[in-house]
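The tour goes from one selection to the next.

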Amino acid sequence: MTLQEIESTKTAALSEIAAASTADAVEQLRVKYAGRNGLVPAMMKGLRDVPPADKPAFGQALNALRVAISAALDGRKAAAAQGGGSRDAFDFSLPGSWRGVGSIHPISEVIEEATRIFAQLGFTVADGPDIETEFNNFDALNTAKHHPSRDARDTFWLGPERLLRTQTSPVQIRAMLAKKPPVRIINPGRCYRRDTTDATHAANFHQIEGLFVDTAPVSLADLKSTLSHFAREMMGQSVKVRFRPHYFPFTEPSVEVDLTCHVCKGKGCAVCKQSGWIEILGAGIVDTRVFRNVGYDEDCYGYAFGMGVERIAMIKHGITDLRLLYTGDLRYLRNFL
Ligand code: DAH
């Protein structure tokens, strides 16, 4: 026996142990090296024949061999017990396979939230198709033949009397043709206009329409309280609401409604063009001519409103380019988890 032999036994044993992939294989190596009749005890016995002067060096080397092999066997045995290496083993320390949890798109979120708020006020959701009749989209809404929104540059005409709706307002007509007052509906849906897409416009966008009709008087004060309540629920109690006189063919009087700018809180900044306000919807008291067009009694009373969904999502989340909402790019949408 030489010191060299002891060293090479150690190298061989350690590499065999490292390669053992099952508990059985480790056990076989334990018997081979450390077992009662194994190699290490046999070499220990050989110490007797070593000349006394060399004994300390051989003793040390053999001891180191024994310790190294037994440590390697223990380590491998523990790994094999955890299944390390065997084919159907499960390594609990590996990262799990990740299935992303989905989240609601900001546009759907606004629609769901608005539906919830208006449901509390007794509004139900009415439906209407994206392909509308000229009557529902324009005529019944008192929008004259010469009105610019009827122009082929503003509207996707599908034929002489069919078009992709330019607003959700035709659902007002559908709701009134289907039912006598009282009516309290909202309609979230897609609208289409021949707008060139930029940071704040898209040819395909969403609105939420609202209509309230009753036989008892309904005033602008009712509209104001409803929309103010909606704005506070949607944007937070500190938001301020401004009603500005405006014109729509189907309401009289008509208003546009602004909210305090979310970025500067009303002080004036680039986002609100220094005005402190951001417009989110159009509204008004339903014009008697609209009631006439659907065959309602002229002493019905009602208010209506139509809001831009993207606009609200942008204000809520500080989104500066609405195109980002349509890309479907998860790197962006994950911001709203
Ligand atoms: N339809 C209008 C638009 O797209 C918004 C609107 C204004 C809806 C007044 C209404 C309303 O119901 O009463 O600009």
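Select helix 2 and helix 4 (residues 55-81). Their axes come within 9 Å and cross at roughly 165°, so helix 2 and helix 4 are roughly antiparallel. Axes here are lines fitted to C-alpha atoms, for helices over the stretch in contact, and angles run from 0 to 180 degrees between N-to-C directions. Angles under 35 degrees count as roughly parallel, over 145 as roughly antiparallel, 65 to 115 as roughly perpendicular and the rest as oblique. Helices (H or I, at least four residues) and strands (E, at least two) are DSSP runs, numbered from the N terminus.

This is a predicted model: local features need pLDDT of at least 70, side-chain atom pairs count only at pLDDT 80 or more, and totals for chains, interfaces and linings use all residues. Residues are numbered from 1 along each chain as its sequence is written, and side-chain values use heavy atoms, with hydrogens and water left out.

Now show the side chains between helix 2 and helix 4. Helix 2 brings Ala-23, Val-26, Leu-29, Arg-30, Tyr-33 and Ala-34. Helix 4 answers with Ile-69, Leu-73, Arg-76, Lys-77 and Ala-80. Contact means heavy atoms within 4.5 Å. By class, this contact has eight nonpolar, no polar and three charged residues. Ala, Val, Leu, Ile, Met, Phe, Trp, Tyr, Cys and Pro count as nonpolar, Asp, Glu, Lys and Arg as charged, and the others, Gly among them, as polar.

Pick Thr-9, Ala-12, Ala-13, Glu-16 and Ile-17 of helix 1, which meet Leu-29, Lys-32 and Tyr-33 of helix 2.

Next, go to helix 5 and helix 10. Their axes come within 9 Å and cross at roughly 100°, which makes helix 5 roughly perpendicular to helix 10. Pro-106, Ile-107, Glu-109, Val-110 and Ile-111 in helix 5 touch residues of helix 10 including Val-309, Ile-312 and Ala-313.

The largest nonpolar core has 45 residues. A nonpolar core is a set of buried Ala, Val, Leu, Ile, Met, Phe, Trp, Tyr and Cys residues joined through side-chain atoms within 4.5 Å. Buried means under 20% relative accessible area, exposed over 50%, partly exposed in between (1.4 Å probe, protein chains only). Helix 5 gives the most to this core, with six residues. Which residues have the most contacts inside it? Select Phe-118, Leu-227, Phe-230, Leu-281, Tyr-303, Phe-305 and Met-307. Centre on Phe-305: its contacts beyond four places in sequence include Phe-118, Ile-186, Ile-208, Leu-223, Leu-227 and Leu-281.

Move to helix 7 (residues 170-178). Its buried residues are Pro-170, Val-171, Gln-172, Ile-173, Ala-175 and Met-176. Their cover includes strand 4 (183-192), strand 5 (204-214) and helix 9 (288-293).

From here, pick Val-294, in the loop between helix 9 and strand 9. Is Val-294 buried or exposed? At 8% relative accessibility, Val-294 counts as buried. Not counting residues up to four places away in sequence, Val-294 touches Ile-173, Met-176 and Leu-177.

Last stop: Thr-143, in the loop between helix 6 and strand 3 (162-164). Thr-143 is buried, with a relative accessible area of 5%. Beyond four places in sequence, Thr-143 touches Phe-138, Ser-149, Arg-150, Pro-249 and Phe-250.
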